[in-house]
Amino acid sequence: MSEPYGGGRAQPGDSEAQLTRSARGDAGAFTHLVRDHSAALYGYFARRMPAAAEDLLSETWLQAFAARRTFDPSRGSARGWLFGVARNVLAQQLRRAGREEPAPGPDVTDPWQVVDQRLDAAAMAPALRRALAELPPEERELLLLISWEQLTPAEAAVVVGIPAGTARSRLHRARGRLRDRLTLPRPAGRNLTATGDLA
């Protein structure tokens, strides 16, 4: 699944300034936010509810625009704030559908191209999906926000709504659980383990 939105990640501080200007009435500033963050937010939804990703992205921008005056740069980055709005939109959709937070499944293939490149063998991907699904939802969300969405631990903490120190300890625990579950024997006697952001 490819992401249809162009643009890249904004330079540090740019998005905070744009969001602040938008809250003060600069209509063009919000347009820059949409350009800079749509691809990342679309990816967030595409990896969780692929069929609804477009609608969820649209709803996120509507809610972000309506709530733009609540952004406080002293509490975190604009990127983290936007992912917090996105997470709330996803939760609202899941509640309406009577579903729980989705765990990564085999039908969500977009991020696994990147994950598989970081693993010692492609055979590890199904085990990784199972291990992620077994994590407590908050730990899984922190791990995926950092690994898939490239948020910092501090930004992910804002999205999930917990202190940064708590996020770091839960992230450490989640990585440890994954390491414990993802040590698989190889025929030659070496072990397969996850590497990169997940380890």
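pLDDT is the predictor's confidence in each residue, on a scale from 0 to 100. The structure treated in these exercises is a predicted model.

**Exercise 1. Confidence**

Determine what mean pLDDT the protein has, and which elements have the lowest and the highest mean values.

*Solution.* Step 1: the mean pLDDT of the protein is 80, and 72% of its residues reach 70 or more. Step 2: among the elements, strand S2 (residues 191–192) has the lowest mean, 47, whereas helix H3 has the highest, 95. Step 3: the pLDDT is below 50 over residues 186–193, a stretch with 19 contacts in the model beyond near neighbours in sequence. Step 4: residues 105–110 also stay under 50, and for them the model has nine contacts beyond four places in sequence.

**Exercise 2. Fold and contacts**

State how many helices and strands the protein has and in what pattern they follow one another.

*Solution.* Step 1: there are nine helices and two strands. Step 2: along the sequence they give the pattern α-α-α-α-α-α-α-α-α-β-β. Step 3: of the contacts between residues at least 6 apart in sequence, 65% join residues at least 24 apart. Step 4: the protein has 199 residues, of which 45% are buried.

**Exercise 3. The largest nonpolar core**

Identify which residues of the largest nonpolar core touch the most other members, and which element gives the largest share.

*Solution.* Step 1: the core holds 47 residues, and those touching the most other members are Phe 45, Trp 61, Leu 145 and Leu 178. Step 2: two or more residues come from each of several helices, including H2 (27–46), H3 (53–66), H4 (78–97) and H9 (164–181). Step 3: H4 provides the largest share, nine residues.

**Exercise 4. Ala 53**

Decide whether Ala 53 is buried or exposed, and find which residues it contacts beyond four places in sequence.

*Solution.* Step 1: Ala 53 lies in helix H3. Step 2: a residue counts as buried under 20% relative accessible area. Step 3: the relative accessible area of Ala 53 is 0%, so Ala 53 is buried. Step 4: with neighbours within four places set aside, Ala 53 contacts Tyr 42, Phe 45 and Ala 46. Step 5: Leu 41 is twelve residues from Ala 53 along the chain, and their C-alpha atoms are 9.0 Å apart.

**Exercise 5. The second largest pocket**

*Solution.* Step 2: among the lining residues are Phe 71, Asp 72, Arg 75, Trp 81 and Ile 162.

How values were computed:
Residues are numbered from 1 along each chain as its sequence is written. This is a predicted model: local features need pLDDT of at least 70, side-chain atom pairs count only at pLDDT 80 or more; totals for chains, interfaces and linings use all residues. Side-chain values use heavy atoms; hydrogens and water are left out. A nonpolar core is a set of buried Ala, Val, Leu, Ile, Met, Phe, Trp, Tyr and Cys residues joined through side-chain atoms within 4.5 Å. Buried means under 20% relative accessible area, exposed over 50%, partly exposed in between (1.4 Å probe, protein chains only). Helices (H or I, at least four residues) and strands (E, at least two) are DSSP runs, numbered from the N terminus. On a 1 Å grid over the protein atoms alone, a cavity is a set of points where a 1.4 Å probe fits but cannot get out, and a pocket is an open set with protein on both sides within 12 Å along at least five of seven lines; lining residues have an atom within 4 Å of a point. Contact means heavy atoms within 4.5 Å.
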